[in-house]
Amino acid sequence: MPTIDRDAVLDATDLTALATEICGEPQGRGRAARWHCPNPAHPDEHPSMGIYQGHHGRWRWKCHACGDGGTAIDLLMTGTGMTVREALLDLADRAGITPAQHHTPHRPRSTAHPTPTPPAEQLTPVDPAIGTLVTAAADLLWRPIGSGARRYLHNRGLTDRLLAANRVGFDPGPRHLPRPDGLPRAGPGIVFPVLHPTDRRPVYYQLRYLNPELRRRYDQPAHDLAPNPKLAHLTTDRPAHPNLTVVCEGFPDALTAAHSGLAAVALLGTAHASPASAPTLARRLTEERPGSAFIICFDDDTAHDPGKLPAGQNAAARLADELAQHQRLVLNIQTPAGIKDLNAWWQQDPGAVHTVFRDLATLLELPHPAIGPPTDSPRPTGPALPEGP
Ligand SMILES: [Zn+2]
């Protein structure tokens, strides 16, 4: 795997410019400049984040309210949800440092002013290993070796038809299913693929580890094999309501919404709805779901721990605001008190979830005077939401 000189990347990074990109314009100037904290879990209304020169003369940031801080790499990880490797590669890209070139002696410092680059998803091609693994895993789920994974998914109320329609799979781990470096290898786990919105080709996946002993529950391909697409469009196994999209946090919740016969989108981490990222996210959603109204249902992080920050609900409110600015109808719904997420709610009371979606669809089917049919022509009636099981 290519290596990158971390120090060279940090030296070539303009932390002030990066902070403004991620956190917005600062208040104040020079040493007194303060940015809104990049930590999505810290709703920093009065800017608390400053930049200062640390040991070895390297620039660092610190939020004086929540204590979060670090280098430019930490800033990207905190503000966008990137992994350390993704953040390092992103900064290297901006500074014009590539893994093959980083040892070039005396690289001129003029490259310290990076030119704007298009988003990573337009630059990084998807490695064919992604498609190979997703296809193999989608097959293994239905074989005897996948029985434990199928039980896990059935216990979450997900039907075989829905799992097959979304090419959900089982990764037994590298001993049974070889893969190149850069793909998750601490399996076994469930493979939730991200399929291209138009040609349905696998472009990414998220692995949900089944071993509860592991420190991390989810893993994903390295940035240089496939960029994180941030959003996954799920397929429902019935005719979807044409003008309604549910946006959820993660795959199990989005599959739950798809199970109710709705077009569903999984957001791969609420960090992508941070103050800096929410406008881009909303623009993409309106482009990828033209004419659709949106229901947002993110996790209640405080459901089991009232001491936690309501990061999910803050992200949902931000995204709802942004979508509304695109003249879309948006409803932000929350699970009942004490229930963490949509899938947990469905497990507890499937009928209630179907009823809520049906009622919301009725509520949102408002006449549209601008583009609706003439009043004397028959109004087309959209398909009713199917009954729950
Ligand atoms: Zn903070």
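View 1. The model is predicted, so local features need pLDDT of at least 70 and side-chain atom pairs count only at pLDDT 80 or more, while totals for chains, interfaces and linings use all residues. Residues are numbered from 1 along each chain as its sequence is written, and side-chain values use heavy atoms, with hydrogens and water left out. At least two lining residues of the largest pocket come from each of helix 3 (72-80), strand 6 (202-209), helix 9 (251-259), helix 11 (311-325) and helix 12 (342-348). Helices (H or I, at least four residues) and strands (E, at least two) are DSSP runs, numbered from the N terminus. The lining of the largest pocket comprises 15 nonpolar, 16 polar and 16 charged residues. In this classification, Ala, Val, Leu, Ile, Met, Phe, Trp, Tyr, Cys and Pro are nonpolar, Asp, Glu, Lys and Arg are charged, and the others, Gly among them, are polar.

**View 2. One cavity of 30 Å³ or more is counted.** On a 1 Å grid over the protein atoms alone, a cavity is a set of points where a 1.4 Å probe fits but cannot get out; a pocket is an open set with protein on both sides within 12 Å along at least five of seven lines; lining residues have an atom within 4 Å of a point. Grid points are joined across faces, edges and corners, and a volume is the space filled by probe spheres set on the points. The largest cavity has a volume of about 50 Å³. Its lining consists of Ile-22, Cys-23, His-36, Cys-37, Pro-38, Gly-79, Ser-274, Pro-275 and Ala-276, with six nonpolar, three polar and no charged residues by class.

**View 3. Four residues coordinate the zinc ion: Cys-37 (SG), His-42 (ND1), Cys-63 (SG) and Cys-66 (SG), at 2.0 to 2.3 Å.** Donors are N, O and S atoms within 2.8 Å of the metal (3.2 Å for Na, K and Ca); water is not among the atoms, so sites may look incomplete. The zinc site is tetrahedral, with angles of 102 to 114° among its four donor atoms; four donors count as tetrahedral if all angles lie between 85 and 135 degrees. Along the chain, the donors follow the spacing C-x4-H-x20-C-x2-C. Distant parts of the chain are linked by His-42, in the loop between helix 2 (15-23) and strand 1 (49-53), and Cys-63, in strand 2 (residues 59-63), 21 residues apart. His-42 and Cys-63 are both buried, that is, under 20% relative accessible area, whereas exposed means over 50% and partly exposed in between (1.4 Å probe, protein chains only).

**View 4. The count of disulfides is zero.** A disulfide is a pair of cysteine sulfur atoms within 2.5 Å. The sulfur of Cys-23 lies 7.3 Å from the closest cysteine sulfur, in Cys-37, too far for a bond. For Cys-248, the closest cysteine sulfur is in Cys-297, at 5.8 Å, again too far for a bond. Cys-248 counts as buried because its relative accessibility is 0%.

**View 5. A cis peptide bond joins Gly-187 and Pro-188, with omega of about 10°.** Pro-188 lies in the loop between strand 4 (169-171) and strand 5 (189-195).

Conventions
Tetrahedral: all angles 85-135°; square planar, octahedral: opposite > 155°, others 65-115°.
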